[in-house]
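Here are some notes for a colleague opening this entry for the first time. Please read them with the structure in view.

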Amino acid sequence: MSTANTVNKSKVTTHVLQEMKYKGEKIAMLTAYDYSFAKILDDSGIDIILVGDSASNVMAGFDSTLPITLNDMIYHASSVVRAAKRPLVVVDLPFGTYQGNSKEALSSAIRIMKESGANAVKIEGGSEVLESVKRIISAGIPVMGHLGLTPQSIHKFGTYVVRATEETEATKLREDAKLLEEAGCFALILEKIPAKLAGEVTEDVKIPVIGIGAGGKVDGQVLVLHDMLGITQDFSPRFLRRYHNLKEEIMGSVQEYIKDVKSRDFPNEREQY
Ligand code: KIV
């Protein structure tokens, strides 16, 4: 197991990720939204930290990713950047800051890069957002694409079920992946689509493909940190592997603390001045 002392410390760039794909070395990515967790991920040797708009659910308690604002994302991203020395830091452009107007998309991406110090942005969608993707890349900002289940479009699809199971949608996804690659995206996320389709797309494009609920034939994996640590417990899709039951552990400690305070056991003589 890697420890803070043994992990490779050289900075992960988009070029390093491309080399990892060529070498067949899998890419490990997790979300983070604050300094403390980002520091733990950095010390653990994670390759990419995604400051996801899942912060809207996980950090702010909304029931979708739609309400989170650009200012909120910049706040989360700058906290993460202060801790993340080695991983590439990618930040979601939130809903309403890039769709339909490529000029606005560019100014949103510039604000994220300037005000947070992040390394790249992520955008949901294919042909519909291509103009925005191209404009942002033309300003020298690396863009990660995101296809398949795109949570910002929840009101269009009405459900979070597996995407692209029908041939028409699968064909569009394949085409969108090529379009995003040609536009200059440095990587793609494929969310909740059949493993076979994700494997085919990964072979079709030269850029790294990171999956979440997209099987093992992709170049890397991403999970939401609070889900994989078992801090959030009300979300249990098949693709989620829980590595811990942190909610239970934290509750145990908090309940012990409450007991110690109530029983006057805390603080003791050595814990005071
Ligand atoms: O916002 C997020 O956390 C994401 C991942 C689920 C890929 O987009």
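1. How far is an oxygen atom of the ligand from an N or O atom in the side chain of Ser54? The distance is 2.5 Å. Please bear in mind that this is a predicted model, and that the distances and angles in these notes are computed from it.

2. Two further residues place polar side-chain atoms by ligand oxygen atoms. For Asp53, a polar side-chain atom lies 3.0 Å from an oxygen atom of the ligand. For Asp92, the separation between a side-chain N or O atom and a ligand oxygen is 3.1 Å. On its own the ligand would expose 260 Å², and the protein buries 95% of that area.

3. The ligand takes up the space of the largest pocket.

4. On the division of the chain, the domain assignment gives domain 1 as residues 3-242 and domain 2 as residues 245-273. The centres of domain 1 and domain 2, taken over C-alpha atoms, are 38 Å apart.

5. Two details of the backbone deserve a look. Most residues other than glycine have a negative phi, and most peptide bonds are trans. Ala164 has a positive phi, near 55°. Ala164 is found in the loop that runs between α7 (154-157) and α8 (167-183).

6. The second detail concerns a peptide bond. Phe266 and Pro267 are joined by a cis peptide bond, with omega at about -5°. Pro267 belongs to the segment that follows α11 (246-262).

7. For a first look, start at the ligand and find Ser54, whose side chain has an N or O atom 2.5 Å from a ligand oxygen. Then turn to Ala164 for the positive phi, and to Phe266 and Pro267 for the cis bond.

Notes: Residues numbered from 1 in each chain as written. Predicted model: local features only at pLDDT ≥ 70, side-chain atom pairs only at ≥ 80, totals over all residues. Heavy atoms only, no water. Polar contact = N/O pair within 3.5 Å; in protein donor to acceptor, adjacent residues only side chain to side chain. Areas by Shrake-Rupley, 256 points an atom, 1.4 Å probe, with all protein chains shown as cover. 1 Å grid on protein atoms, 1.4 Å probe; cavity = no way out; pocket = protein on both sides within 12 Å on 5 of 7 lines; lining within 4 Å. Sits in = over half its atoms within 2 Å of the grid points. Domains from an automatic or database assignment. Helix = DSSP H or I, 4+ residues; strand = E, 2+ residues; numbered from the N terminus.
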